Amino acid sequence: MIVITGAAGFIGSHLCRKLNFHGIKDIVLVDDFSQEIKRMNWESLEYSEKIQRDDFFHWAEQNVQHIDFIFHLGARTDYFSTDANIFEKLNVDFSQRMWSFAAYKRIPLIYASSYLINDTNNFSLYAKSKYNFDKWTEKQQQNPPFWAGLKLFQVYGKKEAHKAENSSNVYKIYKKYTENATSIRVEKNSIQDYIYVNDVCKVLYYFLNHAPQSGMYEVGTGFARSCQSVVDAINKASKREQKLMFAYQKESNAVFQADLTLLRKYAYKQPFLSLEQGIKGMVRD
């Protein structure tokens with residue numbers, strides 16, 4: 001049995017669909033299923049049980065003998081929220097309980113971290129919560145038998161609609177594109193590493209089947225691209241030309257690019273889709 005937290009979200013629902021594709025259906029979906037906007041993400045998935053997030057640990061204690069692997073992908077990902085308590089509860093406390101449960105019960109665990117923790121000069125509450133949990137894991141004496149923290153860079157693809165302003169730049173730009181807009185506001189004028197969600201799921205599936213060396217891994221394409229590159233790729237995939245003027249909410253020329261050294265050395269070695277290839281797949285879907 002495989003547990004996926006955040007299963008009604010963007011990456012979690014894609015992962016479940018990939019597992020279904022490989023014939024895996026003994027999956028427990030964990031999330032806040034009261035959010036109707038997420039229904040389309042999970043209602044067509046094949047799974048064995050669906051557990052409300054707040055009920056998970058009670059359920060897990062009663063079913064621990066059946067749990068083979070945990071993907072902890074659930075988190076509060078509101079980059080603009082100022083509610084520190086919700087980040088502490090969902091991204092730190094809940095994750096610490098998940099780690100401790102997996103360590104004590106000897107269950108392999110993968111959890112989602114974020115590339116934003118690298119930008120220590122501009123910590124959002126979201127990034128700070130991810131940073132605090134990563135640092136907490138470093139101090140633990142008891143670990144899961146296999147664990148991996150994945151610092152995910154900008155993941156994009158289908159099923160981002162529920163994320164609204166917290167969706168990827170690719171999704172935001174594509175949405176404006178389909179609305180025939182001529183301008184768009186994005187948070188920063190930074191150069192980002194954009195990785196297609198299907199590639200992220202391939203990495204997660206690899207870790208499930210191979211359990212390489214435990215540790216922290218950066219997951220992106222290894223190539224940073226500008227917002228204008230996103231527009232150019234969308235124009236090419238859609239086979240029409242549309243210009244978008246950018247207005248940036250914050251001035252920043254930072255470059256965020258995954259260092260794939262550890263991932264390539266110890267784990268996943270397959271090439272990732274380029275921004276152009278990924279956007280072509282997204283537009284096709």
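The model is predicted: local features need pLDDT of at least 70, side-chain atom pairs count only at pLDDT 80 or more, and totals for chains, interfaces and linings use all residues. Residues are numbered from 1 along each chain as its sequence is written, and side-chain values use heavy atoms, with hydrogens and water left out.

**Sheet and helices**

An open sheet of 7 strands runs in the order E3-E2-E1-E4-E5-E6-E10, with parallel pairing. Strand E3 (49-52) and strand E10 (215-219) are the edge strands, each pairing on one side only. From one strand to the next, the twist averages 20°. Helices (H or I, at least four residues) and strands (E, at least two) are DSSP runs numbered from the N terminus, and two strands pair if DSSP finds at least two bridges between them.

Strand E4 (residues 69-72) and strand E5 (residues 109-114) run parallel and are joined by 3 bridges. Ile70 stands opposite Leu109 in E5.

Helix H1 (residues 10-21) packs on the sheet and touches strand E1 (2-5), strand E2 (27-31), E4 and strand E6 (147-152); the direction of H1 makes about 155° with that of E1. Helix H3 (residues 56-63) lies across E1, E2 and E3, at about 135° to E3. Contact means heavy atoms within 4.5 Å. Axes are lines fitted to C-alpha atoms, for helices over the stretch in contact, and angles run from 0 to 180 degrees between N-to-C directions.

**Pocket and cavity**

On a 1 Å grid over the protein atoms alone, a cavity is a set of points where a 1.4 Å probe fits but cannot get out, while a pocket is an open set with protein on both sides within 12 Å along at least five of seven lines; lining residues have an atom within 4 Å of a point. The structure holds 1 cavity of 30 Å³ or more.

| Space | Volume | Lining |
|---|---|---|
| Second largest pocket | about 240 Å³ | 3 nonpolar, 2 polar, 6 charged residues |
| Largest cavity | about 40 Å³ | 3 nonpolar, 4 polar, 1 charged residues |

A volume is the space filled by probe spheres set on the points, with grid points joined across faces, edges and corners. Ala, Val, Leu, Ile, Met, Phe, Trp, Tyr, Cys and Pro count as nonpolar, Asp, Glu, Lys and Arg as charged, and the others, Gly among them, as polar.

H1 gives the largest share of the lining of the second largest pocket, 4 residues. Residues lining the largest cavity include His72, Tyr111 and Lys130.
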